[in-house]
Each structure stands twice: as C-alpha cells, then as structure tokens.
Amino acid sequence: MSTLILNLDFGDCSPPKKATEGNHRHQRFIQRQRRIQRNLKQKQMQVPARPSGSGHSKLQNKGGALSTSSKQKLHLPPAPIEETPTQKNGIEKPLNRKVSTVSWLTPAPSRKTSSVSVASKVDLLSEFQSGLCPLPPTRTLPPASEKGCNKKMVALDCEMVGTGPKGHTSSLARCSIVSYNGDVLYDEYIRPPCKIVDYRTKWSGIKKEHMINATPFKVARKEILKILVGKIVVGHAIHNDFKALHYFHPKPLTRDTSRIPILNSRAGFPENESISLKRLTKQLLHQDIQVGKSGHSSVEDAKATMDLYKLVEVEWEQQLARAPPSQE
C-alpha cells in the first residue's frame, strides 16, 4: 500500500472576513437599540402624557413607530384610577381614598374650556363693553326738524315804542323768544335808554305801567344775545327786530318768513311780495292773531312765525342747501 501523508496545521487561523464584519454589525445594532431605549425613557420622564385621547394615541403611535424600527414594543404603566366623588344629601364629597400617581404620567390640564369659564369670559366682556361709551349710529346729516337741531332753533319777535323827535325812532320795549316746540324761553318788557314819546299801544300793546319794572336795555340785550348766538333764528321781517336790538345775526342762521316764496305760493299770494304775518297765519294756519284793541302779543307772533316755518321747513332748507352762499 502506498503511504498517505497529510500535512495538517493546527495553529491559530484568522476567521473569515465576512464573519468578522457580521459580528461588528450585530454589536452596533445592539448599541443602537440600547440608545433608542434610553432616549425614549428620558423623553417619557420629561414630557407628561396628555389626558385627551388624541394626545395619548399620538404618544402610542410614536412609541409604536420607534418600536417597529427597533423591533421592540414600548410597554407603558397603567394609568391611575380616577375616583368619582360621592354625593350625600345633595352635597358632593370627594373620597378619602388616596390614589398613587406617576409623576411623569400626570395628565396636563385640558385645553378645552368648560362652560363656566366661557360664561365668565362673556360676563367680563359684557362688563367691559358696558363701561364704554356707545357709539352713535352712522347716518346722513339730519334735517333741521330733528331733535338735535331743534335745540339750536328759536323764533324771535319784538315790540317797539316811539322815541326821538316826534316818536319816529323805533326802540325796543318788549322781546319774546320761543323754542322750536313753542316753549317760551324769554319774555320781558324792556325800558329804552331814551325817553318814550309814543307807546304805540294800538300795535305794540305797550303801556306806561309796563315800564315801571321793565328791564334796562343794556341788561336785556346781553340776556337776549346769549340765547341767539349760534342758533338759527326765525322771525317775520326780522331785520327790524335785529335793528332794535342793535345786533347783526349771520345770514346763514337767519330764516325770515316774510321772504319765503314757497310760503307765499302755498298761501296763494305772489311769491315776490312781503305778506303780513297776520294774513299768512290766517290763510295757512287758520288762526286769528293781532286782534282786539289791546295790541299785538310778541309771544303769540313768535309762535305763529315758528309754525309757518315748520310748514315749509324741509323744502326751504333743501333750497338753501342747493343755493350758492351769496344767494341767501
């Protein structure tokens, strides 16, 4: 038989290259899994879980996603048991039983506002709004007949007596001012600074006894001008009244019923003529004024003048608004 010789070497032999690489990969995989687990535990200790179902499900989904990648599942401890309060004699009393809770799993306050908190906010808002000044409603400019403008509109009528040579100079002896609604704002007998020559009682209604306690002209003039300044003044042939007061009122704030074509045309008179207050009142208001032997009443005349103005107020004010400033 032939001799078979085997050369066997039992010395240290290096492992295959592929086996070595496989061991390193396995170790890195284990280290990576441990790091993931440590990071996950740290996050769970720092961030408390939310009580709502959506937040809890997100946490579970996040842990599930991580466990899927690491091929491990996250096991959370069971949530603490909530005890409902007992009710006795209509009064709710909490249970004395103590429930252990986990600090990092303590639920945060719910973001949903309760009905009580909503009601309190509404009450606070209403209380705040009640302290504010209400805003005025937006609207166009009101006509002169509305309440806001009525306070700035008055009617004036004066009665004169004769002074100077032969009594030809007209001096103020009585002045009456009424509001838009006919309320008497001023009515006084006034003593002229000059000697009265003719009382003109047939027309003015002024008598000698009226001058005994009459107000001096300078005092009365100051009181009258305080009422007229800044207001729309209505009168019949009112330029005569302003002349007796030694006063000039702005034209844009003056309404003379003796120069209203609309008023004359409605009464059936020529538009360009100056019709007396007595005739206009009889024709349009069906009232009789300035009758009898006692003379005129300045209060009665002022009220009639305001009533005549009201008849054509809207049309007249519209015409004045369209007219240029020079045509007053």
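In which helix is the place of Lys 278? Lys 278 lies in helix 9, which spans residues 277–285; helices (H or I, at least four residues) and strands (E, at least two) are DSSP runs numbered from the N terminus. The model is predicted: local features need pLDDT of at least 70 and side-chain atom pairs count only at pLDDT 80 or more, whereas totals for chains, interfaces and linings use all residues. Residues are numbered from 1 along each chain as its sequence is written, and side-chain values use heavy atoms, with hydrogens and water left out.

View 1. Lys 278 counts as partly exposed because its relative accessibility is 38% (buried: under 20% relative accessible area; exposed: over 50%; partly exposed: in between; 1.4 Å probe, protein chains only). Leaving aside residues up to four places away in sequence, Lys 278 touches Ile 289, Gln 290 and Val 291, a contact being heavy atoms within 4.5 Å. The C-alpha atoms of Lys 278 and Asp 288 are 7.2 Å apart, with a sequence separation of ten residues.

**View 2. Salt bridge between Lys 282 and Asp 288.** The closest N and O atoms of this pair are 3.0 Å apart; a salt bridge places a side-chain nitrogen of Lys or Arg within 4 Å of a carboxyl oxygen of Asp or Glu. Lys 282 is partly exposed at 44% relative accessible area, while Asp 288, at 52%, counts as exposed.

**View 3. Salt bridges of Arg 255 and Arg 259.** Five salt bridges are found in the whole structure. In one of them, Glu 317 pairs with Arg 255 at 2.9 Å between the closest N and O atoms. This pair links distant parts of the chain, 62 residues apart: Glu 317 belongs to helix 11 (residues 313–322) and Arg 255 to strand 9 (residues 254–256). Glu 317 is buried at 17%, and Arg 255 is buried at 5%. Arg 259 pairs with Asp 256, with 3.9 Å between the closest N and O atoms; Arg 259 is exposed at 59%, but Asp 256 is buried at 10%.

**View 4. The largest nonpolar core, with 24 residues.** Such a core is a set of buried Ala, Val, Leu, Ile, Met, Phe, Trp, Tyr and Cys residues joined through side-chain atoms within 4.5 Å. Met 153, Leu 263, Leu 280, Met 306, Leu 308 and Tyr 309 touch the most other members. Two or more residues come from each of strand 3 (153–163), strand 8 (232–235), helix 8 (261–267), helix 9 and helix 10 (298–311). Helix 10 gives the largest share, five residues.
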